[in-house]
Amino acid sequence: MTESWSERSVEEKESMGFAEDDGHTRTGTVWTATAHAITAIIGSGVLALPWSVAQMGWILGPFTLLACAIVTYYTANLLSDCYRTPDPIHGKRNHTYMDVVSSCLGPRNVFLCAIAQYALLWGTMVGYVITAATSMMAIDRSNCFHYKGRNAHCNTSGNLYLILFGIVELVLSQFPNLEKITVISLIAAAMSFAYSFISLFLCIFKLASNHTFQGTILGAKIGGTVSLSTKDTIKAPPPENKTMKRASLHGIGVTTIFYVSVGCIGYAAFGNKAPGNILTGFYEPFWLVDIANVAVIVHLIGAFQVYGQPIYAKYENYLSKKWPESVFFHKVYMLALPFCKPRAFRFTLCKLILRSAFVVLTILIAMMLPFFNAVVGLLGAIAFWPLTVHFPVSMYMAQAKIRRGQWQWVVLSFLSAIALLVSVLAAAGSVVDIIHRLKHVTMFKTKL
(Lines give C-alpha, C1' and ligand atoms only; values in the text may rest on other atoms or scores of the structure.)
Protein backbone atom coordinates (compact mmCIF):
# COMPACT_ATOMS: atom_id res chain seq x y z
CA MET A 1 0.00 0.00 0.00
CA THR A 2 1.37 3.40 -0.98
CA GLU A 3 2.37 5.57 1.99
CA SER A 4 0.87 9.07 2.07
CA TRP A 5 3.11 12.14 2.17
CA SER A 6 2.06 13.11 5.70
CA GLU A 7 2.98 9.65 6.99
CA ARG A 8 6.56 9.81 5.74
CA SER A 9 9.35 10.74 8.15
CA VAL A 10 11.37 13.94 8.00
CA GLU A 11 14.44 11.92 6.97
CA GLU A 12 12.57 10.35 4.05
CA LYS A 13 11.34 13.72 2.85
CA GLU A 14 14.79 15.29 3.12
CA SER A 15 16.36 12.36 1.27
CA MET A 16 13.90 12.97 -1.56
CA GLY A 17 14.99 16.59 -1.83
CA PHE A 18 12.00 18.04 0.01
CA ALA A 19 12.08 20.11 3.17
CA GLU A 20 10.04 19.88 6.32
CA ASP A 21 9.01 23.04 8.15
CA ASP A 22 12.15 25.13 8.63
CA GLY A 23 11.32 26.09 12.20
CA HIS A 24 10.02 29.60 11.42
CA THR A 25 6.65 30.54 12.87
CA ARG A 26 4.32 31.72 10.12
CA THR A 27 0.90 33.17 10.85
CA GLY A 28 0.17 34.90 7.54
CA THR A 29 -3.23 34.36 5.94
CA VAL A 30 -4.79 35.32 2.65
CA TRP A 31 -5.90 38.61 4.22
CA THR A 32 -2.48 39.58 5.60
CA ALA A 33 -0.92 38.59 2.27
CA THR A 34 -3.50 40.74 0.47
CA ALA A 35 -2.67 43.67 2.76
CA HIS A 36 1.06 43.27 2.03
CA ALA A 37 0.35 43.12 -1.70
CA ILE A 38 -1.81 46.26 -1.69
CA THR A 39 0.73 48.15 0.43
CA ALA A 40 3.59 47.11 -1.87
CA ILE A 41 1.78 47.99 -5.10
CA ILE A 42 0.19 51.32 -4.18
CA GLY A 43 2.97 53.90 -4.08
CA SER A 44 4.10 57.20 -5.51
CA GLY A 45 3.71 55.86 -9.04
CA VAL A 46 -0.03 56.41 -8.68
CA LEU A 47 0.65 60.16 -8.96
CA ALA A 48 1.84 59.70 -12.56
CA LEU A 49 -1.13 57.64 -13.76
CA PRO A 50 -3.23 60.48 -15.25
CA TRP A 51 -0.17 61.67 -17.20
CA SER A 52 0.42 58.08 -18.38
CA VAL A 53 -3.16 57.75 -19.62
CA ALA A 54 -2.81 61.15 -21.32
CA GLN A 55 0.06 59.81 -23.45
CA MET A 56 -2.17 57.06 -24.87
CA GLY A 57 -5.69 58.50 -24.88
CA TRP A 58 -9.07 57.05 -23.96
CA ILE A 59 -8.67 53.81 -25.92
CA LEU A 60 -5.11 52.64 -25.29
CA GLY A 61 -4.79 54.20 -21.82
CA PRO A 62 -7.41 52.19 -19.87
CA PHE A 63 -6.78 49.12 -22.03
CA THR A 64 -3.06 49.16 -21.17
CA LEU A 65 -3.75 49.49 -17.45
CA LEU A 66 -6.15 46.55 -17.52
CA ALA A 67 -3.91 44.43 -19.76
CA CYS A 68 -0.89 44.94 -17.47
CA ALA A 69 -3.03 44.02 -14.47
CA ILE A 70 -4.26 40.81 -16.12
CA VAL A 71 -0.74 39.78 -17.16
CA THR A 72 0.61 40.60 -13.68
CA TYR A 73 -2.10 38.52 -12.02
CA TYR A 74 -1.50 35.58 -14.35
CA THR A 75 2.28 35.57 -13.87
CA ALA A 76 1.81 36.03 -10.11
CA ASN A 77 -0.15 32.77 -10.13
CA LEU A 78 2.69 31.07 -12.01
CA LEU A 79 5.16 32.44 -9.47
CA SER A 80 3.01 31.19 -6.59
CA ASP A 81 3.45 27.62 -7.83
CA CYS A 82 7.22 28.09 -7.61
CA TYR A 83 7.30 29.10 -3.93
CA ARG A 84 8.11 25.45 -3.20
CA THR A 85 10.32 23.42 -5.51
CA PRO A 86 10.34 20.96 -7.16
CA ASP A 87 6.82 20.23 -5.91
CA PRO A 88 4.43 23.24 -5.49
CA ILE A 89 2.77 21.73 -2.38
CA HIS A 90 5.43 19.75 -0.52
CA GLY A 91 8.71 20.96 -1.98
CA LYS A 92 11.48 23.03 -0.44
CA ARG A 93 10.60 26.60 0.47
CA ASN A 94 12.18 29.47 -1.47
CA HIS A 95 12.28 32.48 0.82
CA THR A 96 13.16 35.16 -1.74
CA TYR A 97 12.59 35.85 -5.42
CA MET A 98 16.22 35.06 -6.23
CA ASP A 99 15.97 31.79 -4.27
CA VAL A 100 13.21 30.75 -6.66
CA VAL A 101 15.29 31.75 -9.67
CA SER A 102 18.23 29.77 -8.30
CA SER A 103 16.14 26.64 -7.65
CA CYS A 104 14.41 26.66 -11.04
CA LEU A 105 16.83 28.29 -13.48
CA GLY A 106 20.33 28.09 -12.02
CA PRO A 107 23.08 30.56 -10.97
CA ARG A 108 23.48 32.32 -14.33
CA ASN A 109 19.89 33.53 -14.20
CA VAL A 110 20.35 34.54 -10.56
CA PHE A 111 23.02 37.00 -11.73
CA LEU A 112 20.73 38.44 -14.42
CA CYS A 113 17.86 38.65 -11.93
CA ALA A 114 20.10 40.44 -9.43
CA ILE A 115 21.06 43.04 -12.02
CA ALA A 116 17.40 43.70 -12.83
CA GLN A 117 16.33 43.83 -9.18
CA TYR A 118 19.12 46.06 -7.90
CA ALA A 119 18.90 48.37 -10.92
CA LEU A 120 15.19 48.73 -10.23
CA LEU A 121 15.84 49.42 -6.53
CA TRP A 122 18.38 52.12 -7.28
CA GLY A 123 16.32 53.65 -10.07
CA THR A 124 13.30 53.75 -7.78
CA MET A 125 15.37 55.57 -5.16
CA VAL A 126 16.24 58.20 -7.78
CA GLY A 127 12.55 58.54 -8.60
CA TYR A 128 11.72 58.89 -4.92
CA VAL A 129 14.19 61.76 -4.53
CA ILE A 130 12.64 63.60 -7.47
CA THR A 131 9.13 62.97 -6.15
CA ALA A 132 9.96 64.17 -2.63
CA ALA A 133 11.53 67.37 -3.94
CA THR A 134 8.56 67.93 -6.25
CA SER A 135 6.17 67.59 -3.30
CA MET A 136 8.18 70.08 -1.23
CA MET A 137 8.11 72.54 -4.11
CA ALA A 138 4.37 71.98 -4.56
CA ILE A 139 3.76 72.87 -0.89
CA ASP A 140 5.80 76.04 -1.28
CA ARG A 141 3.97 77.07 -4.46
CA SER A 142 0.44 76.27 -3.25
CA ASN A 143 1.00 78.30 -0.07
CA CYS A 144 2.45 81.16 -2.13
CA PHE A 145 -0.59 81.20 -4.44
CA HIS A 146 -2.97 81.00 -1.49
CA TYR A 147 -1.52 83.95 0.41
CA LYS A 148 -0.28 86.14 -2.49
CA GLY A 149 -2.80 85.35 -5.21
CA ARG A 150 -2.65 83.21 -8.34
CA ASN A 151 -0.83 85.93 -10.31
CA ALA A 152 2.08 86.09 -7.85
CA HIS A 153 5.57 85.05 -8.91
CA CYS A 154 5.82 81.69 -7.13
CA ASN A 155 8.44 79.78 -9.08
CA THR A 156 10.75 77.75 -6.84
CA SER A 157 13.90 75.75 -7.49
CA GLY A 158 14.09 72.22 -6.15
CA ASN A 159 17.84 72.02 -5.53
CA LEU A 160 17.50 73.14 -1.92
CA TYR A 161 14.80 70.56 -1.29
CA LEU A 162 16.84 67.83 -2.98
CA ILE A 163 19.76 68.65 -0.69
CA LEU A 164 17.55 68.71 2.42
CA PHE A 165 16.09 65.34 1.50
CA GLY A 166 19.60 64.03 0.91
CA ILE A 167 20.78 65.19 4.34
CA VAL A 168 17.92 63.32 6.02
CA GLU A 169 18.74 60.18 4.04
CA LEU A 170 22.44 60.48 4.87
CA VAL A 171 21.54 60.24 8.56
CA LEU A 172 19.02 57.44 8.13
CA SER A 173 21.38 55.42 5.94
CA GLN A 174 23.61 54.81 8.97
CA PHE A 175 20.89 52.96 10.85
CA PRO A 176 21.00 49.16 10.44
CA ASN A 177 18.10 47.11 9.11
CA LEU A 178 15.70 50.01 8.82
CA GLU A 179 13.46 47.99 6.57
CA LYS A 180 12.73 45.62 9.48
CA ILE A 181 11.30 48.31 11.76
CA THR A 182 7.57 47.67 11.72
CA VAL A 183 6.67 51.25 12.68
CA ILE A 184 8.39 52.60 9.56
CA SER A 185 6.42 50.22 7.33
CA LEU A 186 3.12 51.08 9.03
CA ILE A 187 3.72 54.81 8.72
CA ALA A 188 4.78 54.46 5.07
CA ALA A 189 1.68 52.40 4.27
CA ALA A 190 -0.62 54.92 5.99
CA MET A 191 0.98 57.85 4.17
CA SER A 192 0.74 56.00 0.84
CA PHE A 193 -2.97 55.43 1.25
CA ALA A 194 -3.47 59.02 2.46
CA TYR A 195 -2.01 60.80 -0.57
CA SER A 196 -3.47 58.25 -2.98
CA PHE A 197 -7.02 58.76 -1.77
CA ILE A 198 -6.59 62.53 -1.51
CA SER A 199 -5.37 62.55 -5.13
CA LEU A 200 -8.43 60.56 -6.20
CA PHE A 201 -10.76 62.90 -4.28
CA LEU A 202 -9.18 66.02 -5.80
CA CYS A 203 -9.47 64.56 -9.31
CA ILE A 204 -13.16 63.75 -8.75
CA PHE A 205 -13.78 67.25 -7.41
CA LYS A 206 -12.05 68.88 -10.41
CA LEU A 207 -13.92 66.67 -12.87
CA ALA A 208 -17.23 67.61 -11.25
CA SER A 209 -16.36 71.32 -11.41
CA ASN A 210 -15.42 71.03 -15.12
CA HIS A 211 -18.91 69.69 -16.02
CA THR A 212 -17.31 67.83 -18.93
CA PHE A 213 -14.80 65.09 -19.68
CA GLN A 214 -11.37 66.18 -20.93
CA GLY A 215 -9.00 64.15 -23.09
CA THR A 216 -8.94 62.75 -26.61
CA ILE A 217 -9.10 59.33 -28.24
CA LEU A 218 -5.38 59.24 -29.10
CA GLY A 219 -3.99 61.23 -26.18
CA ALA A 220 -1.33 63.94 -26.14
CA LYS A 221 0.57 64.72 -29.34
CA ILE A 222 4.23 63.73 -29.43
CA GLY A 223 6.38 66.78 -28.83
CA GLY A 224 3.48 68.72 -27.36
CA THR A 225 2.84 69.59 -23.73
CA VAL A 226 3.61 66.49 -21.89
CA SER A 227 10.60 52.32 -7.72
CA LEU A 228 11.85 44.57 -2.66
CA SER A 229 12.01 43.30 0.35
CA THR A 230 10.24 39.97 0.27
CA LYS A 231 7.85 38.62 2.89
CA ASP A 232 7.84 34.92 3.79
CA THR A 233 5.07 34.79 6.39
CA ILE A 234 2.27 32.66 4.95
CA LYS A 235 1.29 29.69 7.10
CA ALA A 236 0.36 26.23 5.84
CA PRO A 237 -2.11 24.58 5.58
CA PRO A 238 -3.76 25.57 3.31
CA PRO A 239 -0.99 25.24 0.70
CA GLU A 240 0.95 28.49 0.30
CA ASN A 241 0.45 28.64 -3.45
CA LYS A 242 -3.33 28.63 -3.05
CA THR A 243 -3.14 31.39 -0.44
CA MET A 244 -0.82 33.42 -2.69
CA LYS A 245 -3.15 33.05 -5.66
CA ARG A 246 -6.13 34.29 -3.67
CA ALA A 247 -4.06 37.14 -2.25
CA SER A 248 -2.91 38.05 -5.77
CA LEU A 249 -6.51 38.11 -6.98
CA HIS A 250 -7.65 40.34 -4.13
CA GLY A 251 -4.57 42.56 -4.02
CA ILE A 252 -4.17 43.11 -7.75
CA GLY A 253 -7.95 43.41 -8.16
CA VAL A 254 -8.24 46.18 -5.57
CA THR A 255 -5.21 48.10 -6.83
CA THR A 256 -6.33 47.76 -10.46
CA ILE A 257 -9.71 49.31 -9.64
CA PHE A 258 -7.93 52.07 -7.76
CA TYR A 259 -5.29 52.67 -10.44
CA VAL A 260 -7.81 52.74 -13.27
CA SER A 261 -9.96 55.15 -11.23
CA VAL A 262 -7.10 57.56 -10.53
CA GLY A 263 -5.69 57.33 -14.06
CA CYS A 264 -8.97 57.75 -15.90
CA ILE A 265 -10.63 60.27 -13.58
CA GLY A 266 -7.42 62.32 -13.48
CA TYR A 267 -7.23 62.27 -17.28
CA ALA A 268 -10.90 63.19 -17.56
CA ALA A 269 -10.27 66.13 -15.23
CA PHE A 270 -7.05 67.48 -16.83
CA GLY A 271 -7.12 66.06 -20.34
CA ASN A 272 -3.88 66.06 -22.32
CA LYS A 273 -2.45 68.68 -19.95
CA ALA A 274 -2.36 66.24 -17.04
CA PRO A 275 0.81 66.97 -15.00
CA GLY A 276 3.47 64.32 -14.41
CA ASN A 277 2.72 64.49 -10.67
CA ILE A 278 -1.02 64.91 -10.32
CA LEU A 279 -0.73 66.76 -7.00
CA THR A 280 1.15 69.62 -8.70
CA GLY A 281 -2.02 70.38 -10.67
CA PHE A 282 -3.98 71.47 -7.59
CA TYR A 283 -3.71 74.63 -5.50
CA GLU A 284 -6.97 74.62 -3.51
CA PRO A 285 -7.97 73.65 -0.94
CA PHE A 286 -4.35 74.39 -0.17
CA TRP A 287 -4.42 72.71 3.24
CA LEU A 288 -5.60 69.40 1.73
CA VAL A 289 -3.03 69.61 -1.05
CA ASP A 290 -0.36 70.28 1.58
CA ILE A 291 -1.45 67.27 3.65
CA ALA A 292 -1.19 65.04 0.59
CA ASN A 293 2.28 66.35 -0.28
CA VAL A 294 3.49 66.00 3.32
CA ALA A 295 2.21 62.39 3.25
CA VAL A 296 4.23 61.81 0.06
CA ILE A 297 7.39 63.21 1.69
CA VAL A 298 7.01 61.17 4.89
CA HIS A 299 6.33 58.02 2.88
CA LEU A 300 9.37 58.53 0.66
CA ILE A 301 11.75 59.30 3.54
CA GLY A 302 11.17 55.77 4.83
CA ALA A 303 10.75 54.15 1.42
CA PHE A 304 14.13 55.46 0.24
CA GLN A 305 15.86 53.48 3.00
CA VAL A 306 13.66 50.42 2.56
CA TYR A 307 14.85 50.23 -1.04
CA GLY A 308 18.42 51.18 -0.15
CA GLN A 309 19.04 48.69 2.66
CA PRO A 310 19.17 45.59 0.38
CA ILE A 311 21.73 47.39 -1.83
CA TYR A 312 23.85 48.38 1.19
CA ALA A 313 23.72 44.83 2.55
CA LYS A 314 24.69 43.30 -0.79
CA TYR A 315 27.85 45.27 -1.47
CA GLU A 316 28.88 45.39 2.21
CA ASN A 317 28.67 41.60 2.54
CA TYR A 318 30.57 41.12 -0.71
CA LEU A 319 33.37 43.53 0.23
CA SER A 320 33.72 42.24 3.80
CA LYS A 321 34.16 38.69 2.51
CA LYS A 322 36.60 39.80 -0.15
CA TRP A 323 38.82 41.56 2.41
CA PRO A 324 38.21 39.65 5.68
CA GLU A 325 41.18 41.25 7.50
CA SER A 326 40.59 44.86 6.46
CA VAL A 327 40.02 47.36 9.26
CA PHE A 328 38.04 49.51 6.84
CA PHE A 329 35.34 46.85 6.56
CA HIS A 330 35.43 45.14 9.95
CA LYS A 331 36.55 47.43 12.77
CA VAL A 332 33.54 48.77 14.67
CA TYR A 333 33.77 52.25 16.13
CA MET A 334 31.64 53.54 19.00
CA LEU A 335 30.29 57.06 19.36
CA ALA A 336 28.37 57.98 22.52
CA LEU A 337 25.01 59.64 21.89
CA PRO A 338 24.60 62.83 23.98
CA PHE A 339 20.87 62.46 24.54
CA CYS A 340 20.83 58.70 25.03
CA LYS A 341 23.73 57.79 27.32
CA PRO A 342 23.09 54.04 27.68
CA ARG A 343 23.33 53.65 23.91
CA ALA A 344 26.08 54.38 21.41
CA PHE A 345 26.24 54.80 17.66
CA ARG A 346 28.14 51.83 16.17
CA PHE A 347 29.64 52.04 12.70
CA THR A 348 32.43 50.91 10.42
CA LEU A 349 34.34 53.17 8.07
CA CYS A 350 32.92 51.18 5.16
CA LYS A 351 29.38 51.83 6.30
CA LEU A 352 29.97 55.50 7.06
CA ILE A 353 31.81 56.37 3.84
CA LEU A 354 30.29 54.08 1.21
CA ARG A 355 26.67 54.53 2.28
CA SER A 356 27.12 58.30 2.37
CA ALA A 357 28.75 58.26 -1.07
CA PHE A 358 25.91 56.13 -2.42
CA VAL A 359 23.27 58.55 -1.12
CA VAL A 360 25.16 61.58 -2.50
CA LEU A 361 25.48 59.90 -5.92
CA THR A 362 21.75 59.12 -5.94
CA ILE A 363 20.91 62.75 -5.13
CA LEU A 364 23.23 64.00 -7.89
CA ILE A 365 21.59 61.72 -10.46
CA ALA A 366 18.17 62.99 -9.35
CA MET A 367 19.37 66.56 -9.88
CA MET A 368 20.51 65.67 -13.39
CA LEU A 369 17.22 63.96 -14.31
CA PRO A 370 14.43 65.97 -12.65
CA PHE A 371 11.63 64.26 -14.59
CA PHE A 372 9.43 62.30 -12.22
CA ASN A 373 7.01 60.86 -14.75
CA ALA A 374 9.66 59.98 -17.34
CA VAL A 375 11.87 58.29 -14.74
CA VAL A 376 8.94 56.30 -13.34
CA GLY A 377 7.96 55.24 -16.86
CA LEU A 378 11.49 54.12 -17.68
CA LEU A 379 11.76 52.12 -14.44
CA GLY A 380 8.46 50.40 -15.00
CA ALA A 381 9.34 49.58 -18.59
CA ILE A 382 12.74 48.13 -17.68
CA ALA A 383 11.41 46.00 -14.83
CA PHE A 384 8.12 44.78 -16.31
CA TRP A 385 9.40 42.14 -18.70
CA PRO A 386 12.21 40.45 -16.72
CA LEU A 387 10.74 40.51 -13.21
CA THR A 388 7.00 40.36 -13.91
CA VAL A 389 6.87 38.11 -16.98
CA HIS A 390 10.13 36.47 -18.11
CA PHE A 391 11.37 34.94 -14.86
CA PRO A 392 7.94 33.76 -13.58
CA VAL A 393 7.13 32.19 -16.96
CA SER A 394 10.56 30.55 -17.30
CA MET A 395 10.50 29.24 -13.71
CA TYR A 396 7.02 27.82 -14.11
CA MET A 397 7.94 26.04 -17.34
CA ALA A 398 11.06 24.59 -15.71
CA GLN A 399 9.15 23.42 -12.63
CA ALA A 400 6.23 22.01 -14.62
CA LYS A 401 8.71 20.39 -17.06
CA ILE A 402 7.02 21.96 -20.08
CA ARG A 403 9.08 20.99 -23.12
CA ARG A 404 9.86 23.15 -26.12
CA GLY A 405 7.18 22.79 -28.78
CA GLN A 406 4.29 21.92 -26.47
CA TRP A 407 1.24 24.16 -26.73
CA GLN A 408 1.83 25.53 -23.20
CA TRP A 409 5.38 26.45 -24.19
CA VAL A 410 4.14 28.21 -27.33
CA VAL A 411 1.51 30.22 -25.43
CA LEU A 412 3.83 31.22 -22.57
CA SER A 413 6.68 32.08 -24.94
CA PHE A 414 4.33 34.23 -26.99
CA LEU A 415 3.21 36.03 -23.82
CA SER A 416 6.82 36.68 -22.84
CA ALA A 417 7.68 37.94 -26.34
CA ILE A 418 4.73 40.37 -26.34
CA ALA A 419 5.70 41.63 -22.88
CA LEU A 420 9.29 42.14 -24.06
CA LEU A 421 8.07 44.14 -27.06
CA VAL A 422 5.88 46.32 -24.83
CA SER A 423 8.77 46.90 -22.41
CA VAL A 424 11.15 47.88 -25.21
CA LEU A 425 8.65 50.29 -26.77
CA ALA A 426 7.78 51.82 -23.39
CA ALA A 427 11.45 52.20 -22.47
CA ALA A 428 12.19 53.79 -25.85
CA GLY A 429 9.32 56.23 -25.34
CA SER A 430 10.59 57.16 -21.88
CA VAL A 431 14.12 57.71 -23.16
CA VAL A 432 12.82 59.90 -25.99
CA ASP A 433 10.78 61.88 -23.46
CA ILE A 434 13.82 62.37 -21.22
CA ILE A 435 15.94 63.51 -24.19
CA HIS A 436 13.19 65.91 -25.28
CA ARG A 437 12.95 67.40 -21.79
CA LEU A 438 16.72 67.75 -21.43
CA LYS A 439 16.64 70.15 -24.40
CA HIS A 440 14.38 72.55 -22.51
CA VAL A 441 15.81 72.53 -19.00
CA THR A 442 19.05 73.35 -17.25
CA MET A 443 20.67 70.44 -15.45
CA PHE A 444 20.89 70.74 -11.66
CA LYS A 445 17.95 73.13 -11.73
CA THR A 446 14.78 71.34 -10.71
CA LYS A 447 11.47 73.10 -11.36
CA LEU A 448 7.79 72.18 -11.23
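Which residues make a nonpolar surface patch of about 370 Å²? This is a predicted model, where local features need pLDDT of at least 70, side-chain atom pairs count only at pLDDT 80 or more, and totals for chains, interfaces and linings use all residues. Residues are numbered from 1 along each chain as its sequence is written, and side-chain values use heavy atoms, leaving out hydrogens and water.

View 1. The patch is made by Leu-160, Ile-163, Leu-164 and Ile-167. (Patch residues have over 30% relative accessible area and no salt bridge, with nonpolar side chains, meaning Val, Leu, Ile, Met, Phe, Trp or Tyr, joined within 5 Å and like charges within 9 Å; a salt bridge puts a side-chain nitrogen of Lys or Arg within 4 Å of a carboxyl oxygen of Asp or Glu; areas are Shrake-Rupley values with a 1.4 Å probe, and for residues only the protein chains shown count as cover.) Leu-160 sits in helix H6, residues 159-172 (helices are DSSP runs of H or I, at least four residues, and strands are runs of E, at least two, numbered from the N terminus).

**View 2. Helix H9 and its kink.** H9 runs over residues 286-322 and spans 54 Å from first C-alpha to last, close to the 54 Å expected (1.5 Å times one less than its number of residues). At Gly-308, shortly before Pro-310, H9 kinks by about 30 degrees (the angle between axes fitted to the seven residues ending there and the seven starting there).

**View 3. Ile-382 in helix H12.** Here's Ile-382, part of H12, residues 372-399. Ile-382 counts as exposed because its relative accessibility is 51% (exposed is over 50%, buried under 20%, partly exposed in between, with a 1.4 Å probe and protein chains only). Val-424 is 42 residues away in sequence, yet its C-alpha lies 7.7 Å from that of Ile-382.
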